Amino acid sequence: MTVPMPLQILDNAVLAWGLAACGLAQLSKLVIELVLHRRWRPAVLIETGGMPSSHSALVTGTATAVGWQDGFNSAAFALAATVAFVVMYDASGVRRAAGFTAERVNALPDAVWDTVPEKPLKERLGHSRTEVLVGSLMGPAIALTGLTFVGSPLQLAHTIANALG
């Protein structure tokens with residue numbers, strides 16, 4: 001069956017499950033906030049940093065789905081895996097270091113500045129290696145489960161439509 005151009009994105013299971021992995025990792029931050037800190041703080045849904053790394057879940061889930069669909073020896077998988085490594089390295093290295101730098105800058109006394117900054121620099125930018133590791137394990141687990149048992153959003157819609165008659 002040929003899928004019309006505007007609906008083709010709904011037939012892209014790789015994209016759908018990579019995004020689902022990212023979303024579920026981000027949603028798990030809210031659950032972790034509730035369980036560990038006993039507070040309702042929906043702001044964690046749009047913040048960077050924290051456990052687990054949703055960026056790591058996104059890129060590893062997508063890379064794994066590309067490998068599963070196109071073959072782990074494909075050029076597309078090589079590209080996706082390379083991007084995943086760069087994102088995870090950046091999250092636990094460069095962005096984490098930038099967060100530590102922001103923390104130190106924010107701790108400087110107001111007398112240091114000609115004009116006192118209106119608001120402090122954002123300190124929570126990157127991830128610890130553990131946060132990256134957990135996100136990088138969540139991604140493939142979610143993507144492979146979705147690809148294997150559900151398929152694309154369009155396939156899911158067809159299955160639901162057929163079940164409802």
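Where is the place of glycine 126? I looked this up and found glycine 126 in the loop between helix 4 (94–107) and helix 5. Helices (H or I, at least four residues) and strands (E, at least two) are DSSP runs, numbered from the N terminus.

**Basis of the entries**

I note that this is a predicted model, in which local features need pLDDT of at least 70 and side-chain atom pairs count only at pLDDT 80 or more, while totals for chains, interfaces and linings use all residues. Residues are numbered from 1 along each chain as its sequence is written, and side-chain values use heavy atoms, with hydrogens and water left out.

**Glycine 126**

I read a relative accessibility of 11% for glycine 126, so the residue counts as buried. Buried means under 20% relative accessible area, exposed over 50%, and partly exposed in between (1.4 Å probe, protein chains only). Not counting residues up to four places away in sequence, glycine 126 touches Gly49, Gly50, Ala91, Arg95, Arg96 and Glu131; contact means heavy atoms within 4.5 Å. I also looked up glycine 93, which is 33 residues from glycine 126 along the chain; their C-alpha atoms are separated by 7.5 Å.

**The whole chain**

I counted 6 helices and 0 strands in the protein chain, in the pattern α-α-α-α-α-α along the sequence. The radius of gyration is 20 Å, well over the 15 Å that the globule rule gives for 165 residues, so the chain is more spread out than a compact globule. This radius is taken over C-alpha atoms, and the rule is 2.2 Å times the number of residues to the power 0.38. Along its principal axes the C-alpha trace spans about 70 × 35 × 30 Å. Buried residues make up 35% of the 165 residues.

**Nonpolar cores**

I found that the largest nonpolar core has 16 residues, and that Trp17, Ala65, Val66, Phe77, Ile142 and Leu147 have the most contacts inside it. Two or more residues each come from helix 1 (13–37), helix 2 (54–70), helix 3 (75–92) and helix 5 (129–149). Helix 1 gives the largest share, 5 residues. A nonpolar core is a set of buried Ala, Val, Leu, Ile, Met, Phe, Trp, Tyr and Cys residues joined through side-chain atoms within 4.5 Å. Leaving aside neighbours within four places in sequence, isoleucine 142 is in contact with Trp17, Ala20, Ala21 and Leu24. A second, separate core of 5 residues includes Ala84, Met88, Ala91 and Val132.

I located serine 28 in helix 1, and its relative accessible area of 18% makes it buried. The side chain of serine 28 reaches the backbone oxygen of alanine 25 at 2.6 Å. Beyond its neighbours within four places in sequence, serine 28 is in contact with Pro52 and Met138. Proline 52 lies in the loop between helix 1 and helix 2, and a cis peptide bond, with omega about -10°, joins methionine 51 to proline 52.

**Arginine 38**

I found arginine 38 in the loop between helix 1 and helix 2. Its phi is near 55°, a positive value in a residue other than glycine. Most residues other than glycine have a negative phi, and most peptide bonds are trans. Arginine 38 counts as exposed, at 71% relative accessibility.

**Helix 6**

How far apart are the end C-alpha atoms of helix 6? They are 16 Å apart, which agrees with the 16 Å that the 12 residues (153–164) should span at 1.5 Å a residue. The expected span is 1.5 Å times one less than the number of residues. Glycine 165, with a positive phi near 95°, follows helix 6.

Key
Polar contact = N/O pair within 3.5 Å; in protein donor to acceptor, adjacent residues only side chain to side chain.
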